[in-house]
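This report describes selected features of one protein structure. Please view the sequence and the model below before reading on.

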Amino acid sequence: MTVTVQPTGITPADVRAVARGGAKVVLDPATVDAMATSRSIVDGIEAAGRPVYGVSTGFGALANTFVAPERRAELQHALIRSHAAGVGAPMPREVVRAMMLLRVRSLALGRSGVRPLVAEALVDLLNHEVTPWVPEHGSLGASGDLAPLAHCALVLLGEGWVLGPDGGRVPAADALRRAGIAPVELAAKEGLALINGTDGMLGMLLLAIDDAAHLFTMADVTAALAIEAMLGSERPFLPELHAIRPHPGQGVSAANIHRLLQQSAVMDSHRDDLAHAVQDAYSMRCAPQVAGAARDTLDFVRTTAARELVSVVDNPVVLPDGRVESTGNFHGAPLGFAADFLAIAAAEVGAIAERRVDRLLDVTRSRDLPAFLSPDAGVNSGLMIAQYTAAGIVAENRRLAAPASVDSLPTSGMQEDHVSMGWAATRKLRTVLDNLTSLLAVELLAAVRGLQLRAPLVPSPAGRAAIAALGGAVGEPGPDVFLAPLMEAARAVLAAPDLRTAIEQEIGPLG
């Protein structure tokens, strides 16, 4: 697959294709023309000798320091070296590739005043799979992701590190030589244009949106399976009950769960028993209200990311009329708020799933299932400690749900006196979603065990698909076995698209 960076930018699907699918990147000729036109304005400013931030002055608190023409290229190189000051473990390859593509997108919009060869050099790194080694700590989310982007830009100079095949550090000069890529000599404004953006935050948010969309649908699946295994009622999910509270996500989740519970002998066994399940517990009955609110939050986040994806995020920017103006568009508050909001929602989707797991394992509340889903409880502990693990993850997600975006600290001699912490917000969002994957996997495993223990009653198509997907790995209920591999197998099934595909082949597309 090839992604073409257009004058209008790129799409979220383009970002996923390059970050996760290894797609190649090309620049539309119109973007090259836009960059050349923008660069001519910067060249005119240099020739006129006017003081313009980032072109003929220092940076941040040094904005009033004039830099002589003969030292302006040196200024740009020094900027990259000094700002490549991150520490910690390297960011995942997919995040760095997303960040690089988004910086190409921003430069290609023709408002940054760089030569086309700068954007083309970043494209060369992507297409040769040369991925900069970017430390996890360093960005405050304003002025954008300075340190992470500087670690990317440093590789263009033939300096710094890149990720080796094993994830270790390799000298950038060696990697460029092997790829046949020549280092770039930066001109005025170009170093600043390479690092002044929200590309790291936006890249992580776009990838998180993709992950969350899958997980929120799978949360409906695991909730339905758990409700089925606990002989819960399908009546709280009737469409007329959600039409009277018209939150869009709630309606979608309720419709999903209701459809997932049809064609089930397990449900048929008690559907007409008026004395049974008059009112299920909140973790069962309110599943659509929680997962639906998370869906609505995701829609807000998706809208925010879409706006950022068509934004010019740089400082200063070169306007078509020849003006070069300072902006605050690099401030990551919109992305930081969105990431924190989504982390809160995802944490609650996991928290309510853990409560259903606890009910499935509790002999006093699981409606005749054996204690801890073990046919021989006492000698055997069944899934007891799987719920411990889930509880520990819920606790961690609650800590991670504390917003990063309220945590501003002033920097740069009080010039940059309010920052977004958007990088931290999007980093921890990724951790919350990874944890949510594990939590839903525990619910999937417990629900499958519960449905197996309802035999000979035949479960719903979703239940049968889940048992088929996990059957080879988890086997039938019986004596205790080494549990961690079963949990890993459930996580792999939960994270992949195959189970959802199998269910949708039976009951039609899920919302």
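Glu 234 lies in the loop between helix 9 (199–229) and helix 10 (239–243); helices are DSSP runs (H or I, at least four residues), numbered from the N terminus. The model is predicted, so local features need pLDDT of at least 70 and side-chain atom pairs pLDDT 80 or more, while totals for chains, interfaces and linings use all residues. Residues are numbered from 1 along each chain as its sequence is written, and side-chain values use heavy atoms, without hydrogens and water.

With a relative accessible area of 12%, Glu 234 is buried (under 20% relative accessible area, with a 1.4 Å probe and protein chains only). Leaving aside residues up to four places away in sequence, Glu 234 touches His 258, Leu 261, Gln 262, Met 267 and Arg 271; contact means heavy atoms within 4.5 Å.

| Residue | Distance to Glu 234 |
|---|---|
| Ala 224 | 9.1 Å, C-alpha to C-alpha |
| Gln 262 | 3.2 Å, polar contact of side chains |

A polar contact is a pair of N or O atoms within 3.5 Å, one able to donate a hydrogen and the other to accept it; residues adjacent in sequence count only if both atoms are side-chain atoms.

Helix 18 covers residues 461–474. A kink of about 30 degrees is centred on Ala 468 in helix 18, the bend being the angle between axes fitted to the seven residues ending there and the seven starting there. Buried residues of helix 18 include Pro 461, Gly 463, Leu 470 and Val 474. Among the elements covering the buried residues of helix 18 are helix 9 and helix 17 (422–453). Just after helix 18, Gly 475 has a positive phi of about 65 degrees.

Note on methods:
Helix = DSSP H or I, 4+ residues; strand = E, 2+ residues; numbered from the N terminus. Buried < 20%, exposed > 50% of the residue type's maximum accessible area, 1.4 Å probe, protein only. Expected span 1.5 Å × (residues − 1).
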